[in-house]
Amino acid sequence: MRQQWEVVIGLEIHVQLQTRTKIFSGASTTFGSEPNSQACAIDLGFPGVLPVVNSEVYPKAIAFGLGVGGSINLVSAFDRKNYFYPDLPKGYQITQMDKPIVLGGSVEIPLADGSMKTINITRAHLEEDAGKSMHEDFHDRTGIDLNRAGIPLLEIVSEPDMRSSAEAISYARYIHQLVTYLGVSDGEMSQGSLRCDANVSVRPYGSDVLGTRTETKNVNSFRFLDRAIRYEIARQIEILESGGRIMQETRLYDPDRDETRPMRSKETAMDYRYFPEPDLLPIEIDHAYIENIRRQMPELPREKANRFHTDLHLSLDDARVLAASPALAEYFETVSGQCGDAKLASNWIRVELLGRMHRDDLEISNIPVSSSQLATLLTRIRDNTINGKTAKDLLDALWYGNTTSVDDYIKDNNLMQVSDNSELGTLIDRIFDENPKQVEQYRAGRSRLLGFFVGQVMKETGGKANPALANDLLRKKLG
Amino acid sequence: MNISEKVVKETAELAQLVFSDEDLSVISGSMSEILALVEQMQEVNTSTVIPMSHPLDATQWLRPDEVTESSHREEFQKLAPEARDGVYLVPRVVD
Amino acid sequence: MHNCSIVQQLKDLKTGKYSAVELTSHYLERIKKLAPLNCYITVLENKALEAAKNADEDRAGGRDSALLSGIPIAHKDIFCTRGVRTTAGSLMLDNFTSPYESTVVEKLRSAGAITIGKTNMDEFAMGSSNENSYFGAVRNPWDQSRVPGGSSGGSAAAVAAGLCSAATGTDTGGSIRQPSAHCGITGFKPTYGRISRWGMIAFASSLDQAGPMTRTAEDAALLLGIMAGRDKRDSTSLTDPVPDYSASLNQSLSTLRIGLCEEFFREGLDSRSEKVIMNAVRVFEDMGVRITSVSLPNIKYSVPAYYVLASAEASANLSRYDGVRFGYRCDNPVNLEDLYKRSRSQGFGNEVKRRIMVGTFALSTGYYDAYYRKAQQIRRLISNDFKNAFEQVDILLGPATPQPAFKLGEKTDDQVSMYLQDIYTIGGNLAGLPAMSIPSGFADQLPVGLQLIGDHLDESRLLATAHQFQQQTDWHLRSPELETGE
């Protein structure tokens, strides 16, 4: 039944820029200070105060724009977005409406099946954060802490290109990695450094008209984002299937109840009355300014993928997957460099490592196997010390913490591959003696029985026989 | 242009103002008068004119990212109608 | 001594003709005696006397290097003054003691000026008669049944009545020039951005500009030199260096070309005022200045464009007055909405609410293009008109107001007629040009102001022109007769 609905998701991601001071004032941005101790007269919207733009927000926003291949507006400008709320001291938010710093761009995100998908970015603009409302602890009152008011944000708006919560999460993770990697943000999700608004709608498959969407605001973890989107999809399909209509509205995700519900405070249709911020002039930059930022940027995922493909001869698919995350790419490059075989490193990371990470829900940054451990392991395959099967067991041993040294583990457990001609020859002769019937059948033409003999050799050597050598000897002796 | 009391009410809602019924008719009358004056602008063909937000054709200089502000919380909150434990208070809001 | 220019007072203080304490006390006395004029919202008697004492001590000790040492200056109550109540003429800020100092006050104080008090004004600078003050109307010292003009009416009346050496004002649509004209003083609005707006309570950010209100152009040059300059707290403040305005007051004007704005001499201009202005034109002709006529074809749309833009900006600028962090809060709000609506509706006066409503409406969905965007386009056309004019002449000349000061209450029920009081001054704000009003004669015993408008950053030539006019005339030396029992 559900197959007939297509899900359409667009994300607005608010990234806190990593700066010492706020976007329009010289107040500190340090997290976790006493309430309102970092809210200066400008952040508080006192009479007669004026905003002055922090020069550090521009290089950061531009680095992001270059990172997603967007175009950078040489003239950008700030606007006022008007609405009343206690955590918005001035009664308007200073943001960029007409002339955002970044227009367009796209990212390639990895999907669960290993393929890649392009998600287009509409725009990214600079704006100030609001304060925090605290509804608990003050009896019949709401408390307002304005330390966060004025923290610089980059709002990254995607096209409605995602078709499942998994794609949305993959995109959000990618953006998180990118902004962290570029030093645009510290990426501390627990401190609210990255928050998502999810625009979700569903429509019958084949329809090219978008369904009515809801916006679920301010989700600050990938897990909650996944749950909120899934809940919203199920809710909307249920309404539509029972003949109802979706209300265009703003909703909140409640993690305790694992549900979304309409935001009461924003019930009335908002008319934000945007207009150019008269306290700030347009900001003009030139190509040299942009190029200077570009020169200081680390290699971007898409550039990396091309290099892996061209220089290291990986398939384009492998290259993209390994380059998608800067941390993964760095891990791969270390392993590949130390073991001297990019293709081998690529295979092991894509199949063995990513599989285990996925199974155990781990990130590359917190897996138990270091890049140099894996490199040593692969080196022992390359120099024929161990065979592939042993190597997999050894990887598990490292993964579960049963050892820390590849070479010690090989020695202690006597896992060295049997690559000795005469030793294997003697063993094979014994196997032939014990299985005369099979030898006869093989020689009569049942060549599939080679597998049986290889199995016997492996069984007798405890899996340590060099498989290539064993095959060779068996063929020769049976021939 | 005549501004109806309905439009006045909607506008007042956006501006977070409230008018008595008596004041509503006064304000809709004076808004209508002012907007009649403003309507004169429509005589001018401005289809090719770039809007001017600012009297100077200048661009912005920016501020170094250096902390220049220290906490004046106690001094600021003395001015607040209601504050407790360093926090500004308003009647309870439900999100 | 209260009728002397600052330049004269500085000489007198230096020669010991009187002390700063004597000068300050004298003004404080007069302020008390002339309290019915209602020029001040706050008088800083003790602080001013203490500052005067320090100035005298510095002078006695040979440490009187500060440019304005011992000169009592009044600030429009729109400038934040640290530790002093700053109300913007509103109940909303009746209880607001500013925790910081505006750049204008800071600079004048650092130059040795004494802050004698905070002057009355139309609430949030919205008005042309000073009748929109929560603290009551100001009376015109020349005729106390008449308005002093607005919104810097308290400052203009205080200078004219000899209640301070000079005052500061702000000009969003004429709020320095129009009351200066009505009170017979010299009022100067510099190029937009020449003086920092930090700590100056905002009305309409892209139009607001501070300036000096003085007895003479020479005093205006002196004060402007101190007040002007880039401020790292106002990113719209101009980075251009500040010239020595006083030094260039006597520059040669032999090649000066003055243009009469044709549109300013049409219907709507009081014939008595016109006669006074044309007499002033003859003074310039006698000085050898070439007078021609120029046209500003779109200037008639300045009032509508201004009311849209100024109200729109104000509607946002005044959203911060919500009863949460400072200012007026209504009694016993039952919920947030009630808190907002009643605090704002009770805290703001009628004219302020009217402009917030007009501005909110002009920005709302469906009306933005027809009103706000259109007004911005008209603004460019008007700005271009001025550009064209300044290719033909150096300075534009016209009346500052359509007629001399009107009676209190005369126009309070006719908003549009009140708004049209600023018809000659608004263009200068829309285009961000320096402009001033100087006394040029009387019509039925009421002062008439002559307006001079210069090109961007041409303050020096504007001040020199006004100064040299004042060398040929004595209108600026006239003072109203006031009963103080002296």
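## Basis of the description

The model is predicted, so local features need pLDDT of at least 70 and side-chain atom pairs count only at pLDDT 80 or more, whereas totals for chains, interfaces and linings use all residues. Residues are numbered from 1 along each chain as its sequence is written, chains are lettered from A, and side-chain values use heavy atoms, with hydrogens and water left out.

An open, antiparallel sheet of four strands runs in the order β9(A)-β10(A)-β2(B)-β1(B). Strands here are DSSP runs of E with at least two residues, and helices are runs of H or I with at least four, both numbered from the N terminus; two strands pair if DSSP finds at least two bridges between them. Because β9 (132-134) of chain A and β1 (83-84) of chain B stand at the edges with a single partner strand each, one side of each has no neighbour in the sheet.

Between the chains, β10(A) and β2(B) are joined by four bridges, and A:I144 stands opposite B:Y88. Within chain B, two bridges join β1(B) to β2 (residues 87-91), where B:R84 faces B:V87.

## The interface of chains A and B

Contact (heavy atoms within 4.5 Å) involves 52 residues of chain A and 34 residues of chain B. The two chains bury about 3,900 Å² between them, 58% of it on carbon and sulfur atoms; buried area is the accessible area (1.4 Å probe) lost by two parts on being put together, summed over both. A:H135, A:R141 and A:L281 supply 16% of the area that chain A buries against chain B, more than any other three residues.

Two salt bridges are counted between these chains, a salt bridge being a side-chain nitrogen of Lys or Arg within 4 Å of a carboxyl oxygen of Asp or Glu. One pair in a salt bridge is B:R73 and A:E34, with the closest N and O atoms 3.9 Å apart.

## The interface of chains B and C

About 5,500 Å² is buried between them, 68% of it on carbon and sulfur atoms. On the side of chain B, B:M41, B:M52 and B:W61 lose the most area to chain C, together 14% of what that side buries.

Four salt bridges cross this interface. The side chains of B:E13 and C:K341 meet in a salt bridge at 2.8 Å, N to O.
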